[in-house]
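Please find below my notes on the model.

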Amino acid sequence: MSMIPSLSELHLSDCRLDRNMVSSLGYANFTSLTVLYLNRNDFNQEIPNWLFNLTSLAILRLSDNQFKGQISESFGQLKYLESLYLSFNSFYGPIPTSIGNLSSLRYLGLDGNPLINGTLPTNLGLLSNLEYLGVGGTSLTGNISEVPFTTLSKLKFLSIYETSLSFHVNSNWTPPFQLEYLDVESCKMGPKFPAWLKTQNSLSYLFLSSSGIVDTTPNWFWKWASSIQEIDLFDNQISGDLSQVVLNNSFLDLSSNRFSGRLPLISSNVVILNIANNSFSGQISPHVCRKTNERSKLEVLDISNNVLSGELSDCWMHWLSLTHINLGSNNLSGEIPNSMGSLVALKAVSLHNNSLYGDISSSLQNCKVLGLINLSDNKFSGIIPRWIVERTSMWIINLRSNKFMGGIPSQICLLSYLRVLDLANNSLSGTIPKCLNNINSMAVGPIEGDIDVLEIGYYYESYMESLILNIKGRDLEYKEILQYVRTIDLSSNNLLRPIPVEIFSLSGLQSLNLSHNHLTGMISVEIGGMEYLESLDLSRNNISGEIPQTMANLTFLGVLNLSYNNLSGRIPSGTQIQTFSLLSFFGNAELCGAPLSKNCPEDDEEETQQPTGVGENREFSEIAWFYIGMGSGFFVGLWGVCGCLFFNKAWRHTYYQYLDDIKDSAYVAIAIKFKWLHQKLGIHNAGMITKGDYQQVQWHGQRASVH
C-alpha cells in the first residue's frame, strides 16, 4: 500500500479489521485519498492520529465500530470533509467546536454514542451546506433555539432522538429549511403542538413519540400530514376527535394518546395502523364493512385498549392483506365470524379481554401461517380445536381464563417453535401430555423461527406484538423481549395424575405453573436440569414425597410456591431454596427444616444427645469459674484488710478496740434479755445472779457506756 500514493478511494467496510490492522494502515502513503470507508469493523481503540494527516479526505465513515475516547478537535484540520460518520461507537465527551470549521460538511452523523454529552454547539450554524445532522442516542442536554438553524437552509435530515434536548422556539418561527426526515423521539417538543411543522411541505417521515405534547391536534394537521409516509405520535397526550378524519399514511402510530370519537376512516394506502390505548368508541362494523374501490394494503390493525362495542362484523374478506390483528381489551361481544378465515396471510390474532363466546371458529384453520393466537379473558367454550395445536408455525397459544373443557391435545407436542403455552383458569381435565419434552424451543433453548410472527418492519419504523403474561405472580406486559420468553401455565384446571417426568426435561423453560389442579405423585429429581427456570408454582395439588435435593441446581429460581400439598421430609439445605419465605412451603404438614419452624426428627435426636454433653460441660465450666472467682476474691479481700492492719499500728489498735466494744455491747444485751425472759416466765431461782455476776455485768455496762 505504501507504493500507491495516487489511491483516491479505499473501501474496507465489513472486513473484520481489528486495532492491529488499522495501525498498519498508518504506514501507507494515502496523500491522495479522498474516500475512506472503515465502518462496521472491530477496532476497539481511540481514533489513530494518522487519520488526521489525510487532509484530502472528503468522505470518512467510521461508524459501527468500537472506537472510544473523545472526539478529537483535530477533525477541524480536514477542511475538505463533506461527510463524517462517527455513529454507533463509544465516544464520550462534548462535540468538538472545531467541527464548525468544516465549511464543506454536508453530512454529520454522531448518532448512537450514548456518552457524548454537553450541549449542541451553536457554531454548527456555520455549516451552511449541512443537509444531514444526526445526534440522536446521545446524552446531549440543554435548550435548542432558532439560532443554530438560521443559516441551515439546506438541512433535510434532522435526528435528535433520545436526548435531553428541548425545543424552545417562537410559535411563529418559520425555519429556513425544508425537512424530509424529522426524528425527535423522547425529546421535549411540547406541551404545545409545534406550529412550525406546518411550514415543512417536503416531510416524508415524522417521529414525535414521547415528546411531551399535551395538546389537541390543530385543524391543519391531518390534511397537511396526508402526504407523509410514516408518522409516529406514540406516547403523548394528544387529543382530538378523529371521526371525520381520513388517514392516508403508510405507517401510522397514534397509540397511547387521548384520541376519541368513532374509528377514523383509512385509505387503501395504509399498511400499518396502530391506534391502541386511546378512547375510540362505537361499533367496529362501519369500519370493517366499509367498501373501497381499491384493494386495501393494510397488514397491521391494532385498535386494542379502547372502548369499542358490538359484535365482530362478518366483513373481514375486504382486508385480505392483514397479517396482524389486535382487538383486545374492548367491549366486543358475539362469536368469531367465519370471514376471519379468509385472512390466509394472518400470522397473529389477539382478541383478548372482551366478551366473546362460543366455539373458536373452525374457519381460522384456513390461516395456515398463524403463529400467535391470544383469546384470553373471554367466554369461549368447547374443546381446544386440534387445528390450533397442529399449526407447526405456532409460537404463542394463550387461551387463559375461558370455559374450555376436555383434555390437552397431545398434538401440541409437535409445535417446535412454541414459546408460550397458557391454558390457565379453564375447566380442562385429564392428564398433562408426556410428550411436552418434544417442544424444541423449550427443551433446548432459543431456536430460529419466523420473527415476522411478532414483529413487522416498515422502512424506519416497525410494529411489535405484545402480550400480558402472569409470570412470577404478577401480570406483566412483554413486548421487546417476547421472543425470548418461554413459559407454560396450566394452573387452575382439573388436571389429574402425576406430573410427567418429561416436563422436567424442558431445560429452556423459564416459568412453570401447574398450581390449583389435582396432580399427584412426586417431584422428579430431573427438575434439577431446568437450569433457566425462574418461577415454579406447584401449589394446591396433592403432590407427595420429598423435595428433591437437585432443586439446588436452579440458580435462577426467583419465585417458588410448593404450598398446600402433601410434601414431606427436610427442605433441601444449604441452597437458595431456604431463602424463600415459609409461605412457599406452608400447608405441607410433614415438611420440616428451615425456613419452617418445625424441626426434623433427626434434629430432635441430635438435640437430645449432643446438647446433654454440651450442657454438662457448660455447667461444669460455670461452677469451676464460680469457685475460682470466689477464692481469688476472698484472698484479695482478706489480704487487703490484713495487710493494712499488719503494716499500720494505729489502725491495728483501733480495729481491735472496735471489736472489743462490739463484744461488750453484745454481752450486755444478751444478759439483759436473758434476765427479762426469766422474770417473764416466773423462774426466780433460775433468774438469780450472783454478786460477782452483777458486778461483771455492771463493769461491762460501764465500759460500753464509756466507749
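1. Counting the bonded cysteines of the protein in sequence order, the pairing runs 1-2, 3-4, 5-6. The count comes to three disulfides, a disulfide being a pair of cysteine sulfur atoms within 2.5 Å. This is a predicted model, in which local features need pLDDT of at least 70 and side-chain atom pairs count only at pLDDT 80 or more, while totals for chains, interfaces and linings use all residues. Residues are numbered from 1 along each chain as its sequence is written, and side-chain values use heavy atoms, with hydrogens and water left out.

2. Cys289 and Cys315 are joined with their sulfur atoms 2.0 Å apart. The torsion about this S-S bond is about 85 degrees, so the disulfide is right-handed. The link connects distant parts of the chain, 26 residues apart: Cys289 is in the loop between α3 (285-288) and β23 (300-302), and Cys315 in the loop between β24 (307-311) and β25 (324-326). Helices (H or I, at least four residues) and strands (E, at least two) are DSSP runs, numbered from the N terminus. Cys289 is partly exposed at 26% relative accessibility, whereas Cys315 is buried at 15%. Buried means under 20% relative accessible area, exposed over 50%, and partly exposed in between (1.4 Å probe, protein chains only).

3. Cys413 and Cys435 form a disulfide with an S to S distance of 1.9 Å. The link is right-handed, with 75 degrees about the S-S bond. Here too distant parts of the chain are linked, 22 residues apart: Cys413 lies in the loop between β32 (403-406) and β33 (420-422), and Cys435 in the loop between β34 (427-430) and α5 (440-443). Cys413 is buried at 4% relative accessibility, and Cys435 is partly exposed at 22%.

4. Cys592 is joined to Cys600, S to S 2.0 Å, and this link is right-handed with 100 degrees about the S-S bond. Cys592 has 4% relative accessibility and counts as buried. Cys600 is buried with a relative accessible area of 0%.

5. Two further cysteines can be noted for accessibility. Cys15 is partly exposed, at 36%. Cys187 is buried, at 1%.

6. The whole structure holds 28 aromatic pairs. Rings of Phe, Tyr and Trp (its six-membered ring) pair if their centres lie within 6.5 Å; planes under 30 degrees apart count as stacked, over 60 as edge-to-face and the rest as tilted. One of the pairs is Phe52 with Phe75, edge-to-face, 5.0 Å centre to centre and 90 degrees between the planes. Both Phe52 and Phe75 are buried. Tyr85 and Tyr107 are stacked, at 6.4 Å centre to centre and 20 degrees between the planes. This pair connects strand β5 and strand β7 (residues 107-109), with the two tyrosines 22 residues apart.

7. Which residue lies over the face of Tyr85? Arg61 does, at 4.4 Å from the ring centre. The charged end of Arg419 sits over the ring of Trp395, 4.5 Å from its centre. The criterion is NZ of Lys or CZ of Arg within 6 Å of the ring centre and within 35 degrees of the ring normal.

8. An open sheet is formed by three strands in the order β44-β46-β47, with parallel pairing. Its edge strands, β44 (544-545) and β47 (590-592), each pair on one side only. Two strands pair if DSSP finds at least two bridges between them. β44 pairs with β46 (residues 566-570) over two bridges, and Ser544 stands opposite Asn566 in β46.
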